[in-house]
Amino acid sequence: MMTGRPRASLHTLGCRLNQAETALLADRLQQDGYQIVDYGRPTDLLVLNTCSVTDEAERMCRYEIRRTLRHSPQAFVAVTGCYAQTGVEALQQVPGIDLIVGNRHKMSLPAHVPSPSALRKRPAPSLLHTKTLDRDDFVLDGAGDCDSKRANLKIQDGCNFMCSFCLIPFARGHERSRRIDDTIREAEALVARGHRELVLTGVNIGRYTQGGSSLLDLIQRLEHIAGLERIRISSIEPTTVPDDLLEYMAASTKLCRHLHLPLQSGDDGILRAMNRRYTVRDYAVFVEQAMRTVPGLGLGTDVLVGFPGEGDAQFANTLTAATDLPFSYLHVFSYSKRPGTAAVRMADAVPPATVKARSRTLAELSRARRMAFYQRYVGSTVDVLFETKDDAGRWTGLTGNYMRVGVTSGNDLANSLRRVAIEGIMDGLAVGEVLP
Ligand code: SF4
């Protein structure tokens with residue numbers, strides 16, 4: 001017999017957009033009378049917001065469901081997100097799932113779980129997912145993440161680009177942008193809740209357009225919110241960053257000097273096969289302009305290793321580009337076949353051991369680049385928005401250009417923006433002292 005308020009636990013796999021949506025679902029469940037408990041604790045309702053970008057994400061999804069049912073065998077399990085959209089047949093075979101909600105209905109999920117008073121274990125899954133993607137029906141609903149001092153602000157969803165390796169256009173539908181007034185309202189609410197940095201989140205945010213307003217127009221509106229100290233652009237497609245955004249970034253006191261521009265490959269043949277919309281030279285020309293326009297820019301990228309046809313020569317081109325371009329870090333992903341994408345039919349698969357070795361090489365390069373980037377700031381002062389303490393008891397936070405800084409301090413620095421003198425590098429952090 002259940003006593004007290006029923007508990008709901010939520011867990012996110014995958015991207016910032018999923019994190020933002022999970023936070024909103026948690027808010028709604030709380031309003032409905034659920035008590036939100038940390039993921040991993042016994043619960044009456046589990047909401048798993050899934051990803052299907054890689055094989056690993058699917059494996060993790062299955063693992064998390066089994067893990068929860070071990071400590072909470074009576075829990076009502078609702079699975080949503082991209083895997084619930086694209087892998088519904090597979091999910092139907094996973095024991096213990098009560099509800100599968102594709103992305104299309106994600107934000108209505110709270111309406112489909114049992115009300116707190118009626119919560120009980122259901123014997124069989126009920127299925128909301130539809131395999132027919134009526135893309136125009138995709139619901140665009142905002143969501144702010146409230147578990148750290150940075151909050152994700154969802155401004156856009158979906159993608160029309162159809163890169164040949166990517167399942168996201170199938171999982172999240174066509175591109176559409178959130179209404180400006182709605183976005184501003186949520187941003188103001190997040191700032192009122194204490195967030196000082198907002199990360200603009202979506203699938204292809206450079207394509208933001210709403211009633212004639214562009215991404216830059218939205219940023220300019222957001223800048224006026226009192227109490228908001230920083231606006232950060234999350235990953236943005238290389239071909240979608242307008243020049244005036246770079247100029248604005250250089251002049252703005254709020255827009256972070258940070259771009260994460262997915263390169264994916266440094267080989268033109270592979271980029272073509274990936275259906276990317278630029279050549280390596282186009283990318284390099286843009287980066288050169290960005291670095292020139294925005295002093296101190298932190299530049300990150302994604303690289304996808306092991307795409308079909310990536311021989312030694314193609315990988316060498318990627319390594320050359322990754323070495324020559326001024327990246328401060330790289331996120332390295334291994335290619336995995338996603339059913340339904342164009343790349344599935346491509347020949348010349350790369351052996352897993354080769355993919356692993358290439359990923360290691362790039363991960364090593366990323367570590368070196370990050371440390372070289374941090375090294376440049378030793379002896380300088382930077383502004384850091386502190387978040388939390390790390391395992392070593394240091395307060396850590398980020399600079400606008402995405403350098404992670406750690407300091408030892410007896411004061412509570414959470415959510416405070418401080419000037420820090422950088423003295424050195426330790427444990428992968430730039431370390432220093434908070435200035436009075
Ligand atoms: S731009 Fe390409 S990789 Fe990015 S979401 Fe769209 S299809 Fe996927």
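**Strands, helices and a domain contact**

Modeller: Strand 18 (residues 395–398) and strand 19 (residues 404–407) run antiparallel and pair over four bridges; strands pair if DSSP finds at least two bridges between them. Helices (H or I, at least four residues) and strands (E, at least two) are DSSP runs, numbered from the N terminus. This is a predicted model, in which local features need pLDDT of at least 70 and side-chain atom pairs count only at pLDDT 80 or more, while totals for chains, interfaces and linings use all residues. Residues are numbered from 1 along each chain as its sequence is written, and side-chain values use heavy atoms, with hydrogens and water left out.

Biologist: Which residue takes a positive phi in the hairpin of strand 18 and strand 19?

Modeller: Within the pairing, Thr 396 has Gly 406 of strand 19 as its bridge partner. The hairpin has five residues between the strands, and the positive phi, near 75 degrees, belongs to Tyr 402.

Biologist: What is the bridge partner of Gly 406 in strand 21?

Modeller: Strand 19 is also joined to strand 21 (residues 429–434), in parallel, by three bridges. In strand 21, the partner of Gly 406 is Val 431.

Biologist: Which residue of strand 13 stands opposite Leu 198?

Modeller: Strand 10 (residues 197–201) pairs with strand 13 in the parallel sense, over four bridges. Opposite Leu 198 stands Ile 231.

Biologist: How is the chain divided, and what distance separates the centres of domain 2 and domain 3?

Modeller: The bounds come from an automatic or database domain assignment. They give domain 1 (7–132), domain 2 (142–256), domain 3 (260–374) and domain 4 (381–434). Taken over C-alpha atoms, the separation of the centres of domain 2 and domain 3 is 24 Å.

Biologist: How much area do domain 2 and domain 3 bury between them?

Modeller: Buried area is the accessible area (1.4 Å probe) that two parts lose on being put together, summed over both. Of the area buried between domain 2 and domain 3, 65% is on carbon and sulfur atoms. The total is about 2,000 Å².

Biologist: Which side chain meets Arg 276 in a salt bridge?

Modeller: A salt bridge requires a side-chain nitrogen of Lys or Arg within 4 Å of a carboxyl oxygen of Asp or Glu. Between domain 2 and domain 3 the count is one salt bridge. With 2.9 Å from N to O, the side chain that meets Arg 276 is that of Glu 237.

Biologist: In which helix do Glu 64 and Arg 67 lie?

Modeller: Glu 64 and Arg 67 form a salt bridge, with their closest N and O atoms 3.3 Å apart. These residues are three residues apart, about one turn, and both lie in helix 2 (residues 55–71).
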